[in-house]
Amino acid sequence: MKHRYVIFNIEYTFVDYTSVEGREIPYHVKGTMTLERKINTQIPDEDQAIEW
């Protein structure tokens, strides 16, 4: 099994105007996100080798 990691920083703001009628709720998100893919090296076609 081979592991691939992608790590990136995110920062964004948005306004939620659907949760509470007549109100806008602002959000600010800032942080790090890590994605991992487990790849079975026994399968020759790498697109098919990703295990979820």
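**Overall form**

Guide: The chain has a radius of gyration of 19 Å, whereas a compact globule of 52 residues would have one near 10 Å. The radius is taken over C-alpha atoms, and the globule rule is 2.2 Å times the number of residues to the power 0.38. Along the principal axes, the C-alpha atoms fill a box of roughly 55 × 20 × 10 Å. Please note that this is a predicted model, in which local features need pLDDT of at least 70 and side-chain atom pairs count only at pLDDT 80 or more, while totals for chains, interfaces and linings use all residues. Residues are numbered from 1 along each chain as its sequence is written, and side-chain values use heavy atoms, with hydrogens and water left out.

Visitor: Which pattern does the chain follow along the sequence?

Guide: Helices (H or I, at least four residues) and strands (E, at least two) are DSSP runs, numbered from the N terminus. Here the chain reads β-β-β, with zero helices and three strands.

Visitor: What share of the residues counts as buried?

Guide: Buried means under 20% relative accessible area, exposed over 50%, and partly exposed in between (1.4 Å probe, protein chains only). Of the 52 residues, 8% count as buried.

Visitor: How is a pair of aromatic rings described?

Guide: One gives the distance of the centres and the angle of the planes. Rings of Phe, Tyr and Trp (its six-membered ring) pair if their centres lie within 6.5 Å; planes under 30 degrees apart count as stacked, over 60 as edge-to-face and the rest as tilted. By this rule there are two aromatic pairs. Tyr12 and Phe14 are stacked, because their ring centres are 5.9 Å apart and their planes lie at 25°. Phe14 and Tyr27 are also stacked, with centres 5.0 Å apart and planes at 15°. This second pair links distant parts of the chain, since Phe14 is in strand β1 and Tyr27 in strand β2, 13 residues apart.

Visitor: Which residues make the nonpolar surface patch?

Guide: A nonpolar patch joins side chains of Val, Leu, Ile, Met, Phe, Trp or Tyr within 5 Å, from residues with over 30% relative accessible area and no salt bridge. Val6, Phe8, Met33 and Leu35 make one of about 320 Å². Strands β1 (2–16) and β2 (25–39) each give two or more residues to the patch.

Definitions and conventions:
Patch = residues over 30% accessible without salt bridge, like charges linked within 9 Å, V, L, I, M, F, W, Y side chains within 5 Å. Areas by Shrake-Rupley, 256 points an atom, 1.4 Å probe, with all protein chains shown as cover. Salt bridge = Lys/Arg side-chain N within 4 Å of Asp/Glu carboxyl O.
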